[in-house]
Amino acid sequence: MDGTGSAPQLVIFDCDGVLVDSEMLSAGVLMAMMTEDGFPLSEEAFRSDFLGRSFAAAALRAKERFGRPLPEDFESRYRDRLFVTLEAELKPMAGVAEVLAELRSPFCLATSSSPRRLSLSLRASGLAQFFEGRCFTASEVQRGKPAPDLFLHAAAKMGIAPAACLVIEDSELGVRAGLAAGMEVWHFAGGCHVRAGYRLPPDLTPQRALPGMRELAAAFRELGLSSSALSP
């Protein structure tokens, strides 16, 4: 925002870990497959090296950690298994549909997910209706999070200055990307991966931290962005 206390003109949502509660599903599939292929990965390592990254960035991290690349067919096998899991088990974040329905500010979505995974996530979670024509993925920019490129791209496509944007993110990389873009950033901490122990590093301070959708709805209402908050 512009520093004058005015309300944001655009809300940019991350998808995984904010709109859909997917991070632990992804973690389970990735850790199982990496262990099967001789790359044993703990939940702590997943949180530090893989959470919030595109697959290309995660594969590079795996090569750095294990000293050898993942098998050439790993990505396709991983995506096939992950998509089956998401189709069967993915849920929207509790309360998110109500928050989106009451939001009066323009909003969009910017995610590190591939277009195919994003399409599945929105369809399986029932949230596709909210984001038609306003979804942006890391495939559209040269550098993914934590670089600011994706958020700057989303703002430009929506016709809003970066300083007038508010980012809702759950991961370290996403928070860093939003701050690097010169946007206000709120940390959403309502996902199951946060309850499992994921934390932002102590040197990273978003403008707000919100433990769930009820609190996010109340914060939107406080700024005049929402017509109502979730009922207690």
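S22 touches D16, G17, L86, L90 and R117, leaving out residues up to four places away in sequence; contact here means heavy atoms within 4.5 Å. S22 sits in the loop between β1 (10–13) and α1 (23–36), where helices (H or I, at least four residues) and strands (E, at least two) are DSSP runs, numbered from the N terminus. With 0% relative accessibility, S22 counts as buried; buried means under 20% relative accessible area, exposed over 50%, and partly exposed in between (1.4 Å probe, protein chains only).

A word on the basis: this is a predicted model, in which local features need pLDDT of at least 70 and side-chain atom pairs count only at pLDDT 80 or more, while totals for chains, interfaces and linings use all residues. Residues are numbered from 1 along each chain as its sequence is written, and side-chain values use heavy atoms, with hydrogens and water left out.

- β2 (107–111) is mostly covered, with 5 of its 5 residues buried.
- F107, L109 and T111 point one way from β2, while C108 and A110 point the other way.
- β2 pairs with β1 in the parallel sense over 3 bridges, and V11 stands opposite F107; strands pair if DSSP finds at least two bridges between them.
- Another 3 bridges join β2 to β3, and these two run parallel, with L109 opposite C135.

**Aromatics and charges**
- The count of aromatic pairs comes to 7; rings of Phe, Tyr and Trp (its six-membered ring) pair if their centres lie within 6.5 Å, with planes under 30 degrees apart counted as stacked, over 60 as edge-to-face and the rest as tilted.
- One of them is F107 with F131, an edge-to-face pair at 5.4 Å centre to centre and 80 degrees between the planes.
- Because F107 lies in strand β2 and F131 in helix α7, the pair ties together parts that are 24 residues apart in sequence.
- R134 lies over the face of F107, 4.1 Å from the ring centre; a charge sits over a ring if NZ of Lys or CZ of Arg is within 6 Å of the ring centre and within 35 degrees of the ring normal.
- R68 lies over the face of F39, also at 4.1 Å from the ring centre.

**The nonpolar core**
- The largest nonpolar core has 76 residues, of which I12, F13, I168 and F220 touch the most other members.
- α1 gives the largest share of this core, 7 residues.
- Such a core is a set of buried Ala, Val, Leu, Ile, Met, Phe, Trp, Tyr and Cys residues joined through side-chain atoms within 4.5 Å.
- Beyond four places in sequence, the contacts of F220 include V11, F13, I168 and W186.

**Cysteines**
- The structure holds 0 disulfides, a disulfide being a pair of cysteine sulfur atoms within 2.5 Å.
- C108 is in no disulfide, and its nearest cysteine sulfur, that of C165, is 7.4 Å away.
- C108 counts as buried because its relative accessibility is 0%.
- C165 likewise counts as buried at 0% relative accessibility.

**Helix α6**
- The buried residues of α6 (residues 115–125) are R117, L118, L120, S121, L122 and S125.
- Their cover includes α1, α4 (74–89), β2, α7 (128–131) and β3 (135–137).
- G126 follows α6 and has a positive phi, near 80 degrees.
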